[in-house]
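This report describes how the parts of one protein model are arranged. It starts with a pair of helices and then turns to a sheet, some aromatic rings and the chain as a whole.

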Amino acid sequence: MTTAYYKSKNRDFTLLKGNCIELLDSFDFKFDMIFADPPYHLSNGGISVQSGKMVSVNKGDWDRSNGYEEDYLFDKSWIMACRNKLKSDGTIWISGTYHNIFSVSRCLTELGFKILNCITWEKTNPPPNLSCKYFTYSAEYILWARKEPKVPHFF
């Protein structure tokens, strides 16, 4: 039995903490919708600004890139686990930045999902351009996809 990391007082919401593939495999039912916020692979020793102070972007080993091929295989494994736990008319929403969203899109396509939209979330307060070597990235993306290309989904 999985122990809740957090449960709302009215019990409408439960948060679990652990390996997403192991957790998904532990459920004996299928989902209507899954929202995933996977690693963006940003932990590379870089810096950013938070509350006016320079801070490290390192979030931990779980967010470190292992190279394109390894990151792709990781994405494919957890997206496949999600696919196995979605109902046939189920949808998945996956957030990301340009660092991971193209790998996620490739995996969704290869696994037979129908991508419905790529939603752009414009950041009104992006971090400043500290390096002066790149444009400031001021958006994140959410891919919305349905499990089966021909099965209607809920809108």
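Helix α2 (residues 68-84) packs against helix α3 (residues 101-110) at an angle of about 50°, and their axes are 9 Å apart. Axes here are lines fitted to C-alpha atoms, for helices over the stretch in contact, with angles from 0 to 180 degrees between N-to-C directions. The angle makes α2 oblique to α3; angles under 35 degrees count as roughly parallel, over 145 as roughly antiparallel, 65 to 115 as roughly perpendicular and the rest as oblique. Helices (H or I, at least four residues) and strands (E, at least two) are DSSP runs, numbered from the N terminus.

The model is predicted: local features need pLDDT of at least 70, side-chain atom pairs count only at pLDDT 80 or more, and totals for chains, interfaces and linings use all residues. Residues are numbered from 1 along each chain as its sequence is written, and side-chain values use heavy atoms, with hydrogens and water left out.

On the α2 side, the residues that meet α3 are Tyr68, Asp71, Tyr72, Asp75, Lys76, Trp78 and Ile79. Their partners in α3 are Ser103, Val104, Arg106, Cys107, Leu108 and Glu110; contact means heavy atoms within 4.5 Å. The residues of this contact divide into seven nonpolar, one polar and five charged. In this division Ala, Val, Leu, Ile, Met, Phe, Trp, Tyr, Cys and Pro count as nonpolar, Asp, Glu, Lys and Arg as charged, and the others, Gly among them, as polar.

Next comes the sheet. Four strands form an open sheet in the order β3-β6-β8-β7, with mixed pairing. Its edge strands, β3 (31-36) and β7 (114-122), each pair on one side only. Neighbouring strands are turned by 15° against each other on average, direction ignored. Helix α2 packs on this sheet and touches β3 and β6, its direction making about 150° with that of β6.

Two of the strand pairings are set out below; two strands pair if DSSP finds at least two bridges between them.

| Strands | Sense | Bridges | Opposite residues |
|---|---|---|---|
| β3 and β6 | parallel | five | Ile34 and Ile92 |
| β6 and β8 | antiparallel | six | Ile94 and Leu143 |

Which aromatic rings pair? The count comes to six aromatic pairs, where rings of Phe, Tyr and Trp (its six-membered ring) pair if their centres lie within 6.5 Å, and planes under 30 degrees apart count as stacked, over 60 as edge-to-face and the rest as tilted. Among them, Phe27 and Phe31 are edge-to-face, at 5.4 Å centre to centre and 85° between the planes. Tyr68 and Tyr72 are stacked, at 6.4 Å centre to centre and 10° between the planes. Both tyrosines lie in α2, four residues apart, about one turn of the helix.

The protein chain has three helices and eight strands, following the pattern β-β-α-β-β-β-α-β-α-β-β along the sequence. Its C-alpha trace spans about 50 × 35 × 30 Å along the principal axes.
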